[in-house]
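This briefing goes through a structure topic by topic. Have the sequence and the coordinates open while reading.

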Amino acid sequence: MRSGIAARLASRSWRFLISVLTADTLLATPLSAAHRSRAARMTPFAGYDMPVSYTPGVLKEHLWTRAHAGLFDVSHMGPAFLSLTARSGDPAADHAAVSALIEPLICGDIASLAPGRLRYTLLLNAEGGIIDDLMVGRPADPDRQGELYLVVNAATKPGDFGLIAEAAGAKGRLTRADDGALIAVQGPEAAAVLEALVPGVSVLGFMTFVRFAFEGGTLLISRSGYTGEDGFEILCPASLAEGLWARLLADERAWPIGLGARDSLRLEAGLPLYGHDIDATTSPLEANLAFAVSKRRLKAGSLRGAARLAREAAEGPSRLRVGLSVEGAPAREGAEITGPNSARLGLVTSGGFSPTLGAPIAMGYAPPAFAAPDTDLRVTVRGRAQAARVVAMPFVPHRYHRPATKLET
Amino acid sequence: MRFTKDHEWVEMEGDIATVGITAYAAEQLGDVVFVELPAPGASLKAGAEMAVVESVKAASDVYAPLSGEVTLANADLSDNPQSVNDAPENGGWLVKIKIADPAEVEALMDRDAYEAHLRSL
């Protein structure tokens with residue numbers, strides 16, 4: 001949002017004042033005090049007192065994460081466990097049974113998920129629109145089959161948890177785990193930094209998770225993240241959070257990174273932000289998230305919004321999420337995307353300056369005829385049409401930890 | 001040097017005012033990645049939008065501290081917007097304005113008054 005400098009600075013102190021006055025309603029994470037002691041710029045976000053940036057600022061924090069390791073407090077998000085109320089003791093049958101509780105709400109295939117693996121999926125409404133995007137994990141431990149690890153978004157968690165608990169009914173129990181800390185360690189040096197404290201984590205494959213003993217407690221660590229870099233997300237009991245955070249920060253390769261750089265990093269990685277790039281009107285195919293739709297379940301017609309999804313799979317959706325390389329001023333959320341003869345095609349849903357590329361980038365929606373890479377479009381910034389070219393996402397290549405697969409000879 | 005409550009500074013030389021944003025504003029806004037300036041010849045009214053300074057996350061308007069006509073915009077900022085952070089009160093200047101009303105300059109704060117204003121925030 002645009003405003004004058006004084007208004008922007010005043011709204012920042014005003015937000016701080018609100019955060020102090022409403023301290024009883026604004027939630028602290030187990031790390032809020034640690035952020036304040038490092039002079040982080042704090043802002044209310046999704047009901048939590050969260051760090052936007054630290055002393056180096058968004059640009060330097062962003063570049064540090066791409067070059068070294070960034071630590072993110074993402075405790076505002078919604079980790080939870082869905083478990084069967086009554087297990088049979090047969091691991092395969094119990095996994096099938098707990099998968100059957102959540103699959104009716106989402107478009108992913110959880111039944112086929114291998115032990116220890118994590119999958120990105122989408123909660124859908126009856127019209128095939130996206131209610132939220134989330135991670136669903138199947139524990140590796142044979143004794144924990146019949147349990148799923150879920151991580152949903154901060155702003156949507158009350159609704160999501162209500163839906164999931166209702167769908168599970170008496171057969172399942174949803175246990176929230178958002179009273180602890182969720183800490184992300186991201187960047188090319190993330191594995192080395194975390195391995196020094198938690199030996200063994202660096203052997204985890206991308207999109208897998210394991211429990212580790214740590215200082216008398218348990219850390220649930222997944223190799224995943226929201227930056228496009230290699231990295232981990234750590235679910236940590238509140239009592240261990242400040243100690244873990246401080247020990248991670250004691251490593252000079254690791255800097256604390258605020259939500260500001262988290263947003264610019266995920267934008268470069270081409271990852272959608274719920275409530276901005278995807279919402280209840282957007283279908284998975286429109287959002288270019290077809291990889292998250294189970295072909296088995298689409299074919300079986302067992303997905304919510306099956307009619308729309310099947311039609312879009314056959315005929316193509318009427319709009320697609322595209323990446324844009326923008327010339328001139330950054331095009332931000334809400335900027336109009338236009339085509340030939342200034343015809344309005346859609347809107348920018350996220351946009352800003354890419355610190356890695358040193359140029360503005362954006363994502364938004366356009367009809368399929370204008371969604372192919374190298375299509376020349378325009379975006380309207382402050383009343384002026386600027387050149388914008390469709391580019392493939394991610395804008396900055398992902399560097400996930402994928403061990404080289406053996407070549408078949 | 002004179003200052004506004006909107007965190008701009010003005011340095012007068014004859015009837016030409018050099019204008020920029022203060023070190024405080026630059027520090028608070030964070031790294032500047034894009035600056036949009038008015039073209040020479042543009043007519044400015046004190047208090048109206050004059051320029052836009054953008055950080056990674058946000059665009060902020062800069063208001064004209066004085067009425068007049070733009071004589072020069074700092075072309076160096078299109079390649080080096082970071083100058084606004086590195087040298088906000090000299091190399092990171094935004095525009096030069098041929099002022100219309102010297103009385104407007106007298107109404108601006110001096111450095112002591114601006115610093116007192118900052119302490120009140």
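The model is predicted.

**Contact between chains A and B**
- On the chain B side, 23 residues are in contact with 21 residues of chain A.
- Elements of chain B that each supply at least two residues to this side are α1 (23–29), β4 (32–36), β6 (49–55) and β7 (59–63).
- β7(B) gives the largest share, five residues.
- By type, the residues on the chain B side are eleven nonpolar, five polar and seven charged.
- Strand pairing also links the chains: strand β1 (residues 3–4) of chain A runs parallel to β7(B), with two bridges between them.
- Within β7(B), B:Asp61 is the residue that stands opposite A:Gly4.

**Chain B as a whole**
- Chain B contains five helices and nine strands.
- Their order along the sequence is β-β-β-α-β-β-β-β-β-α-α-β-α-α.
- Along the principal axes, the C-alpha atoms of chain B fill a box of roughly 35 × 35 × 20 Å.
- Of the 121 residues in chain B, 47% are buried.
- When contacts in chain B between residues at least 6 apart in sequence are considered, 61% join residues at least 24 apart.

**The β2–β3 hairpin of chain A**
- Strand β2 (residues 41–45) and strand β3 (residues 48–53) of chain A pair in the antiparallel sense, over five bridges.
- A:Arg41 has A:Ser53, in β3(A), as its bridge partner.
- Two residues lie between the strands of this hairpin, and in it A:Ala46 takes a positive phi near 50°.

**Helix α3 of chain A**
- Helix α3 (residues 58–67) of chain A is largely enclosed by the rest of the structure, because seven of its ten residues are buried.
- Those buried residues are A:Val58, A:Leu59, A:Glu61, A:His62, A:Trp64, A:Thr65 and A:Arg66.
- In chain A, the buried residues of α3(A) pack against β3, β4 (69–73), β10 (181–186), β14 (254–256) and α8 (259–268).
- They also pack against β6 of chain B, an element that supplies at least two residues to the side of chain B that touches chain A.

**A:Ala335**
- The loop between β15 (320–326) and β16 (336–338) of chain A holds A:Ala335.
- A:Ala335 counts as buried because 24 other C-beta atoms lie within 10 Å, where the cut-off is 20 or more.
- Leaving out residues up to four places away in sequence, A:Ala335 touches A:Leu347, A:Val348, A:Gly351, A:Val379, A:Thr380 and A:Val381.
- A:Val396 is 61 residues from A:Ala335 along the chain, and their C-alpha atoms are separated by 22 Å.

Definitions and conventions: Residues numbered from 1 in each chain as written. Chains lettered and ligands numbered in written order. Predicted model: local features only at pLDDT ≥ 70, side-chain atom pairs only at ≥ 80, totals over all residues. Contact = placed C-beta atoms within 7 Å. Helix = DSSP H or I, 4+ residues; strand = E, 2+ residues; numbered from the N terminus. Nonpolar A, V, L, I, M, F, W, Y, C, P; charged D, E, K, R; others polar. Pairing = 2+ DSSP bridges. Buried ≥ 20, exposed ≤ 12 C-beta atoms within 10 Å, placed from the backbone.
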